[in-house]
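Visitor: Could you walk me through this structure? I will ask as I go.

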Amino acid sequence: MTLDATHDPDLTSWVDSANGHAEFPIQNLPLGVFSVAGGAPRIGVAIGDKILDLCALAAAQMIPDEDWAETLQEPVLNSFFSLGMEASQGLREWLSDLLSDSENETSVSPSLFDRESAEMYVPCAVGDYTDFYVGIHHATNVGSLFRPDNPLLPNYKYVPIGYHGRASSVRVSGHPVVRPSGQRKGPDQDAPARGPSMRLDYELEMGVWVGEGNALGEPIPVDEASQHIAGYCLLNDWSARDLQAWEYQPLGPFLAKSFLTTVSPWVVSPQALAPFMTKMPPRPEGDPAPLDYLDGGPDAAALGIKLEVLLSTEKMRADGDAPHTLSEGDAASAMYWSAAQIVTHHASNGCNLQPGDLIGTGTLSTAEESGYGSLLELSEGGKKPITLPNGETRTFLEDGDEVTLVARCDTPGAVPIGLGSCTGRVLPAK
Ligand code: MN
């Protein structure tokens with residue numbers, strides 16, 4: 001992914017709030033689906049504090065390409081994503097010109113809406129959702145809790161581990177998190193009992209939105225995988241640890257995960273992330289090289305994205321306290337497998353990925369405790385409560401707790417961008 005005029009740090013927009021905006025300057029231009037004042041969901045692009053209604057521009061025949069115009073009038077991004085990387089790059093260049101050249105202000109301004117008053121939606125109709133497990137520090141930390149002698153199973157460094165998640169319960173940021181009930185059995189109990197989860201957790205993950213798909217039976221070579229990624233979001237894989245511990249063997253996660261997955265609303269494109277990409281960290285001495293089909297070479301790109309998790313309890317909000325930072329880390333150092341590798345692995349048996357499919361990376365924990373991406377790790381399996389600034393303690397989430405994931409990109413010579421946030425508040429079990 002090369003840098004071009006859309007990344008120019010000197011580029012500004014006639015949308016004033018975009019200039020110096022921490023997340024959505026003109027160098028970002030993420031797509032999403034929004035509505036205003038009870039209207040129908042439509043595709044838009046975030047620019048500063050505003051959303052530009054692309055459906056309206058298409059209906060007014062202002063979009064220069066017929067295929068873009070047709071697909072941008074749909075209420076989800078799947079069809080636009082099916083047009084592939086060339087279309088996303090073309091639209092980005094066109095939007096960059098449109099929103100920087102002040103001659104367009106008069107004709108385009110009527111299609112701008114305040115982001116604050118907009119309702120956001122899951123940007124695609126998610127046909128399939130797969131969650132991987134690429135966070136090697138997370139896998140090691142969690143493995144140690146379940147299997148102290150054997151934390152990382154022997155397949156981990158050869159196979160990107162994943163499971164098929166539940167697409168129907170993917171929701172956009174802000175959707176309430178109803179505490180799930182299910183079977184759980186403590187180690188010293190003879191039989192399981194059913195009830196509300198007592199170990200409700202979050203998982204800090206990145207989501208990958210699939211762009212152009214592959215035909216059934218046609219794998220995706222690793223050096224072409226990035227062409228199939230439409231963009232990225234934040235993803236919270238809410239997890240009921242007590243349900244998970246009892247149900248996970250032998251077929252993996254099921255009801256402990258499928259009650260809800262939350263995504264941030266904006267799809268940040270690989271083009272927008274280009275200035276922030278770094279190289280995959282070298283594999284530790286003694287680790288096997290990836291098998292050929294997964295070997296992206298020494299220049300394989302890693303996501304140079306800074307991640308943060310914030311917690312706000314009911315009491316904190318009542319007292320007017322600011323949310324508390326539970327962890328700060330980054331994606332690149334957490335990921336043993338890259339986004340390209342998981343896309344390639346997913347399709348390597350001929351499985352067809354489709355535009356708008358959602359792929360989770362797995363929990364992204366850094367090597368240091370300050371960057372652990374779940375309460376399971378931060379509280380050492382519930383043994384070590386976390387003390388919040390107001391004296392409250394947590395091992396797992398309580399009713400009323402609100403978890404927010406945030407992602408930012410910042411590197412010398414580029415205008416910083418953000419991915420927005422992914423939030424959810426826990427409600428009592430039903
Ligand atoms: Mn997960």
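**Salt bridges, metal and sheets**

Guide: Start with Glu380 and Lys384, whose side chains meet in a salt bridge at 3.7 Å, N to O. Keep in mind that this is a predicted model.

Visitor: Is Glu380 buried or exposed, or something in between?

Guide: Glu380 is partly exposed, at 37% relative accessibility.

Visitor: What cut-off makes that "partly exposed"?

Guide: Under 20% relative accessible area is buried, over 50% is exposed, and partly exposed is in between.

Visitor: Which residues are joined by salt bridges that share partners?

Guide: Asp201, Glu203, Asp237, Arg241 and Lys257 are joined into one network that way.

Visitor: And how many salt bridges does a search of the whole structure find?

Guide: The search finds 18. One of them is between Asp114 and Lys50, with the closest N and O atoms 2.6 Å apart. Asp114 sits in strand β4 (residues 112–114) and Lys50 in strand β3 (residues 50–53), so this pair links distant parts of the chain, 64 residues apart.

Visitor: Why can side chains pair like that at all?

Guide: Opposite charges can pair when the charged atoms come close.

Visitor: Which residue forms a salt bridge with Lys315?

Guide: That is Asp319, and the closest N and O atoms are 2.7 Å apart. Lys315 is partly exposed at 42% relative accessibility, and Asp319 is partly exposed at 43%.

Visitor: New topic. Which residues are the protein donors of the manganese ion?

Guide: They are Asp131 (OD), Glu203 (OE), Glu205 (OE) and Asp237 (OD), lying 2.1 to 2.3 Å from the ion. Along the chain the donors follow the spacing D-x71-E-x1-E-x31-D.

Visitor: Where do Asp131 and Glu203 lie?

Guide: Asp131 is in strand β6 (residues 129–132), while Glu203 is in the loop between β12 (200–201) and β13 (204–210). The pair therefore ties together parts that are 72 residues apart in sequence.

Visitor: Are those two buried or exposed?

Guide: Asp131 is buried, at 2% relative accessibility. Glu203 is buried too, with a relative accessible area of 4%.

Visitor: Now the sheets. In what order do the seven strands of the open sheet run?

Guide: The order is β7-β6-β21-β13-β14-β16-β8, and the pairing is mixed. The edge strands are β7 (162–164) and β8 (170–172), each of which pairs on one side only. Neighbouring strands of this sheet are turned by 30 degrees against each other on average, direction ignored.

Visitor: How many bridges are there between β14 and β16?

Guide: Two, and strand β14 (residues 229–236) and strand β16 (residues 261–263) pair in the antiparallel sense. Leu235 has Val263 in β16 as its bridge partner.

Visitor: What holds paired strands together in general?

Guide: Strands of a sheet pair through backbone hydrogen bonds, either parallel or antiparallel.

Visitor: What about β19, which strands does it pair with?

Guide: Strand β19 pairs in the antiparallel sense with strand β20 (residues 324–330) over six bridges. β19 also pairs in the antiparallel sense with strand β24 (residues 402–409), over seven bridges. Val309 stands opposite Ser327 in β20, and the bridge partner of Glu308 in β24 is Val406.

Visitor: How many residues of β19 are buried?

Guide: Five of the seven residues in β19 (residues 306–312) are buried, so the strand is mostly covered.

Visitor: Last one. Where is Ser365, and is it buried or exposed?

Guide: Ser365 is in the loop between β21 (358–360) and α11 (375–378). At 0% relative accessibility, Ser365 is buried. Ser365 and Met198 are 167 residues apart in sequence and 23 Å apart in space, C-alpha to C-alpha.

Definitions and conventions. Residues numbered from 1 in each chain as written. Predicted model: local features only at pLDDT ≥ 70, side-chain atom pairs only at ≥ 80, totals over all residues. Heavy atoms only, no water. Donors = N, O, S within 2.8 Å, 3.2 Å for Na, K, Ca; no water. Helix = DSSP H or I, 4+ residues; strand = E, 2+ residues; numbered from the N terminus. Buried < 20%, exposed > 50% of the residue type's maximum accessible area, 1.4 Å probe, protein only. Salt bridge = Lys/Arg side-chain N within 4 Å of Asp/Glu carboxyl O. Pairing = 2+ DSSP bridges. Axes fitted to C-alpha atoms, helices over the stretch in contact; angles between N-to-C directions.
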